[in-house]
Structures are given as C-alpha cells and as structure tokens.
Amino acid sequence: MLIDWENFTPWLSLLGGVLIGIATSLLLLVNGKIAGISGILGGLLRLPRGDMSWRILFLLGMISAPIFYRFIIGDPTINIEADWLMNIIAGIFVGIGTRISSGCTSGHGVCGLSRLSLRSLIATLTFMCIGIITVFIVRHILGGR
C-alpha cells in the first residue's frame, strides 16, 4: 500500500471526521434520529407525515456544505480514474447492498458502530473486507493502479 504523501491531508481529514461526529451526535441528541444517509433519503421517498422537515434540512446541509467549502478553501483535487460505466455499476451494487443491509456505509460505520450495534459491525466488516479484496484484485491480478 502506498500513501500519497503529497496529497495527504491529515488535519483536514481529522477536522472532517470531527465535524461528521458532531453532526451525527447532534442529530441523535437533539432529534433522536440516526444519521444514516440512505435512511434519511429513503424516508423522504415514503413521505412520512411530520417527519420530512428535518430530513430535507439535513440533506440541504449536506448539499450546501461542499459549496461553502469551495468558496472558503477552494476546489479540492479529485481524480477519478474509473470510467463512468464502472462507477455506475459500482453505485448499483452499493445501492443494492445498502438496501439488503438496511443501511449505508455512513449509517453502519459512523452511527451503528458508535451505538455498539452488532448488525452494523457485521455490515462494516463485510464492506471493508469486500473493498480490500476488490482493491487487491484490481491492483494485483488485473494490473490496474
């Protein structure tokens, strides 16, 4: 495994993690809700009465935060090497996995693990193992980067 030291930003990563932790904690403490993005978005599609405003505001915050970041810090360097078809296929697999496991990576990894949920532990270990296996296959068997 190689670390890209030129683009390694530990302090920004730490700040981002702290902000995610504060946001999920505030949502749980103030609203009693779990900050799983797939659950929040899925709840909007079911149109529950009296349960939409916080979901919309949370998603608007998620959408507007990168815009504010861009104005304050600037454009981040993002380099996506996979083609669009591969990204779409991967996104479909993530969506199916999210549905099957009753939650997405953020919900299980950030919120579920902090709540000591066994289901979230199994889901997080599963997607981490599959991710490691996928990187190994792509880099060492298929010869990708």
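This is a predicted model: local features need pLDDT of at least 70, side-chain atom pairs count only at pLDDT 80 or more; totals for chains, interfaces and linings use all residues.
Residues are numbered from 1 along each chain as its sequence is written, and side-chain values use heavy atoms, with hydrogens and water left out.

**Start with the whole chain.** The C-alpha trace spans about 50 × 40 × 30 Å along its principal axes.

**Next, select Leu27, Ala35, Ile40, Leu44, Trp54, Phe58, Leu59 and Cys111.** These eight residues form the largest nonpolar core, that is, a set of buried Ala, Val, Leu, Ile, Met, Phe, Trp, Tyr and Cys residues joined through side-chain atoms within 4.5 Å. Helices α2 (37-46) and α3 (53-72) each supply at least two of the core residues, and α3 gives the largest share, three.

**Now centre on Ile40.** Which residues does Ile40 contact, leaving aside its neighbours within four places in sequence? They are Leu27, Ile34, Ala35, Trp54, Arg55, Phe58 and Leu59, where contact means heavy atoms within 4.5 Å.

**Then show Gly16, Leu19, Ile20, Ala23 and Ala65.** Of the 19 residues lining the second largest pocket, these are the closest to its centre. A pocket here is an open set of points on a 1 Å grid over the protein atoms alone, where a 1.4 Å probe fits, with protein on both sides within 12 Å along at least five of seven lines; lining residues have an atom within 4 Å of a point. Helix α1 (10-31) brings the largest share of this lining, seven residues, and α1, α3 and α5 (105-114) each supply at least two.

**Finish in two loops.** Select Ser102, in the loop between α4 (84-100) and α5: its phi is near 60°, a positive value in a residue other than glycine. Leu116 sits in the loop between α5 and α6 (118-141), and its phi is also near 60°. Is Leu116 buried or exposed? Leu116 is exposed, with a relative accessible area of 77%.

Notes: Buried means under 20% relative accessible area, exposed over 50%, partly exposed in between (1.4 Å probe, protein chains only). Helices (H or I, at least four residues) and strands (E, at least two) are DSSP runs, numbered from the N terminus.
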